[in-house]
Amino acid sequence: MTAHSERRPLPLVRRIKNKRLMLLLGIIGPGVIAALAGDDAGGIGTYSTAGAAYGYDLLWAMVFVALALAIVQDMCARMGVVTGKGLSDLIREQFGVKTTAVAMLALLVSNAAVTVSEFAGVAAASEVFGISRYISVPLAAAFVWFIVARGSYSRAEKFFLALSLVFVTYFISVFMVKPDWMAVARGALIPTFRADVKYLLVVIALIGTTISPYMQFSLQAIIVDKGTKISEYSLARADTLFGVMLSILVAFFIIIATGATLHARGIFDVQSADQAALALEPIAGAFAKELFALGLLGASLLAASILPLTSAYAVCEAFGWERGLQQSWDDAPIFYGLYTGIIIVGALLALIPGVPLFTLLLLAYDVNGLLLPIILILMLRLANNKRLMGQHANGRVANIFAYGTAIVLIVLTALLLVSSALGIGA
Amino acid sequence: MAYLSELIGREVRDNKGALIGTLQDVLIVSDERMIYPRLVALAVRVPRQNVPRLLPWGGNEDFAGVKIKIQKPPQSTYAPHGGEIWLTRDLMDKQVIDTNDHRIVRVNDLELGKIGTDYSLINVDIGGRGLLRRLGMEDAAERFARSFRRELPSREIAWSDVSFLPGGNIRLNVTRKQLNELHPADIAEILEDVGPRVAAELIRSLDNEKVADTLEELEPEFQAEVLEEFSDERAADIVEEMQPDDAADLLNEMDEERREDILNLMDKDDKAEVEELLVHAEDTAGGLMTTRYVTVPPGITAAEAMRLLRQSAAAREAETIYYVYVTDADELLHGVVSLSDLVLAEPDTLVDEIMHQHPVKVDVQLDRGDVLELISRYDLLAVPVVDANGRLQGIVTADDALEMILPEEWKVKLPRLF
């Protein structure tokens with residue numbers, strides 16, 4: 001048993017070992033994916049509606065939303081890094097069973113509602129290609145369920161992300177139509193208010209679709225899972241903020257593109273994917289519809305695969321039930337039950353005959369709006385807990401912004417609830 | 001018997017019957033000599049005061065009834081020494097380790113019971129019944145279940161089977177003691193339920209050999225994440241204790257810089273052994289093999305071979321000594337003889353006479369799928385790996401080969417959430 005002297009060079013086919021690249025793929029990533037998943041079917045619909053109806057007038061709202069989203073996402077990333085615990089774990093430990101039960105019920109209902117909107121997005125995309133939603137939606141549901149439960153998720157995620165990269169074409173489209181950049185700047189910097197219920201509804205929808213609780217739950221879970229340390233927090237923060245910027249930039253350009261095309265042509269109301277696709281005509285010409293549909297499909301599937309999983313995971317974490325895809329169905333029946341249930345309910349509700357897409361989306365954001373303040377307040381109380389966060393508790397500036405965000409959201413949500421209860425708008 | 005969730009908020013009165021306040025928390029002390037920690041004091045919320053008042057538990061009070069009556073004079077207070085566990089603050093709703101079932105569970109409620117004259121913490125409720133009780137729905141749910149002639153499912157674990165996760169407010173040695181008694185495979189099962197940071201804290205106090213054995217049960221990717229939390233020196237000590245093939249897999253998951261740092265801190269022999277394995281691609285026989293096997297030279301008798309084995313340090317470290325390989329000074333593989341052949345042969349028989357002269361062997365470059373196929377086709381416990389010149393490089397054992405296929409088939413490597 002002597003040592004062998006022969007040495008061979010390391011084979012080149014080995015996995016990527018470059019440290020910088022690993023950091024990029026490891027720490028950089030969760031924030032970008034969580035934020036990009038926010039540009040989902042409902043997001044694209046809402047941004048298109050905003051651009052078509054009001055041109056560049058609502059761009060200022062996106063500046064506000066960007067700020068709020070950045071603060072909220074950063075808070076979650078920080079809590080994950082400092083405590084090493086998931087969001088629902090913290091909620092349960094700090095607030096007890098009753099509060100947790102309320103929060104989790106709200107999260108479940110809200111996420112199920114948003115899942116409905118994702119399958120509605122699949123339906124809209126498939127009908128562009130002449131495929132009935134009664135075929136495409138069950139297929140998509142089965143596909144999503146299978147891909148996540150059978151474990152090839154990471155590959156699927158890349159595929160969906162690649163599909164939603166179609167929305168990069170909005171950037172090109174914008175530069176091809178050469179919008180009036182002065183008007184764009186005015187819209188982004190000078191807030192305009194209108195005593196118009198639809199205007200208010202669209203503003204609320206913009207917030208509701210961009211800041212969804214599942215994004216916070218999934219971001220914190222991934223950060224905890226990767227074991228990101230305090231010393232790596234600046235990297236994680238850079239990733240989070242980069243993701244937020246990217247997500248908002250996409251939203252911005254969708255609004256500009258639709259504003260410069262649909263709004264300019266006098267189409268103020270987006271009824272279908274066909275119409276929304278007109279914004280891509282400058283670049284794709286006759287194929288604009290198909291291109292738009294592909295992107296919509298990717299964005300919908302990406303969110304539809306993250307949403308049910310995040311919800312099932314968060315609920316099981318809060319109540320201490322076995323969870324995670326490494327468990328078998330027998331070991332974690334509640335986890336898989338919830339996961340499957342949300343997909344089935346989401347797909348079925350999207351198939352109710354005669355219910356228009358827009359109504360479904362609006363309903364989803366009504367419910368989402370209901371939950372958001374609950375989770376936001378809980379998050380703020382956690383991030384301010386010195387016993388938990390130590391020196392990394394929220395500072396005064398962050399608190400002023402964060403509480404400001406929460407209060408604005410609560411007021412807007414209240415307005416939305418009142419107005420939809422009275423049946424105004426939609 | 002009483003559940004903590006039903007005690008919190010009750011009125012507390014002194015021995016004269018005067019109201020002191022409402023119960024905020026219960027303090028227990030965990031004693032090495034006792035299985036169940038004893039109740040020592042009550043934290044009572046007094047109106048218009050921020051800090052709860054600590055009342056010593058006399059021993060002959062009772063939790064029956066809606067009021068708690070303290071049998072001590074009203075002015076007495078309990079002086080905490082810092083080692084107490086505050087049940088609501090430190091345990092309720094927290095995650096703990098169920099060392100019996102090797103998993104992480106969440107505390108839904110805590111059950112106090114009378115042992116002799118003392119109240120002690122006896123059981124931890126981790127089931128749905130505890131959740132329903134906390135929501136105030138236990139009775140309703142029970143009636144509902146009865147109408148279907150079913151019992152409400154209840155899951156409680158004994159306090160003696162509970163261990164703390166690191167990072168809480170409690171610093172007790174119980175965690176270490178209880179973990180140390182578990183089999184490495186069981187510890188690994190617990191670690192899979194927590195993130196790499198918590199996992200590292202859990203095993204930090206175990207000795208290096210135990211840590212190494214535990215890590216070997218986990219996916220190399222997770223192993224590397226856990227070792228990220230250790231200093232280079234400690235990581236090197238742990239890697240030294242691992243089987244070289246597992247160590248090589250682990251080091252392969254690290255970035256180049258850390259790998260070099262750890263290798264440079266390792267013992268010279270261990271380092272050489274691991275580095276030798278590192279050059280092979282993971283999906284080949286070379287990547288799968290271990291260098292810990294036993295050899296004897298040709299031309300000696302069975303008795304001499306046995307004596308060599310008995311004296312050899314390599315035999316003690318080898319993954320298997322069931323196959324003894326016959327190699328010359330150039331490491332050329334002449335044959336293989338099984339331990340049973342050696343034992344059963346007459347002592348003066350030459351090894352060359354009883355060995356298999358054309359053993360099944362594989363090239364270091366052979367794809368691991370083909371290695372598996374050979375092992376299973378010939379029912380081998382291990383197969384020797386040779387280089388292009390027929391020199392013995394290592395062996396692939398059946399259990400290492402099995403490990404390769406079992407998890408990857410249907411338990412794809414995924415982070416906990418996705």
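A: Let's start with B:Thr327, whose bridge partner in S16(B) is B:Leu333. Another facing pair is B:Tyr325 and B:Val336, the latter again in S16(B). Before going on, please note that this is a predicted model, in which local features need pLDDT of at least 70, side-chain atom pairs count only at pLDDT 80 or more, and totals for chains, interfaces and linings use all residues. Residues are numbered from 1 along each chain as its sequence is written, while chains are lettered from A and ligands numbered from 1 in the order in which they are written.

The strand labels follow a simple rule: helices (H or I, at least four residues) and strands (E, at least two) are DSSP runs, numbered from the N terminus. Strand S15 of chain B covers residues 323-327 and pairs with S16(B) in the antiparallel sense over five bridges. Pairing here means that DSSP finds at least two bridges between two strands. Together S15(B) and S16(B) make a hairpin with five residues between them. In that turn, B:Glu331 has a positive phi of about 70°.

Strand S8 (residues 95-98) of chain B pairs with S9(B) over four bridges in the antiparallel sense, and B:Asp98 stands opposite B:Arg103 in S9(B).

Now for some helices of chain B. Helix H11 (residues 244-252) and helix H13 (residues 268-278) pack at an angle of about 65°, with their axes 9 Å apart. Axes are lines fitted to C-alpha atoms, for helices over the stretch in contact, and angles run from 0 to 180 degrees between N-to-C directions. Residues of H11(B) that meet H13(B) include B:Ala247, B:Ala248 and B:Leu251, and among those they meet in H13(B) are B:Val274 and B:Leu277. Two residues are in contact if their C-beta atoms, placed from the backbone, lie within 7 Å. By class, this contact of H11(B) with H13(B) has seven nonpolar, one polar and two charged residues. Here Ala, Val, Leu, Ile, Met, Phe, Trp, Tyr, Cys and Pro count as nonpolar, Asp, Glu, Lys and Arg as charged, and the others, Gly among them, as polar.

Stepping back, chain B contains 20 helices and 19 strands. Its C-alpha trace spans about 95 × 50 × 45 Å along the principal axes. The radius of gyration of chain B is 30 Å, whereas a compact globule of 418 residues would be near 22 Å; the radius is taken over C-alpha atoms, and the globule rule is 2.2 Å times the number of residues to the power 0.38. Finally, among contacts in chain B between residues at least 6 apart in sequence, 60% join residues at least 24 apart.
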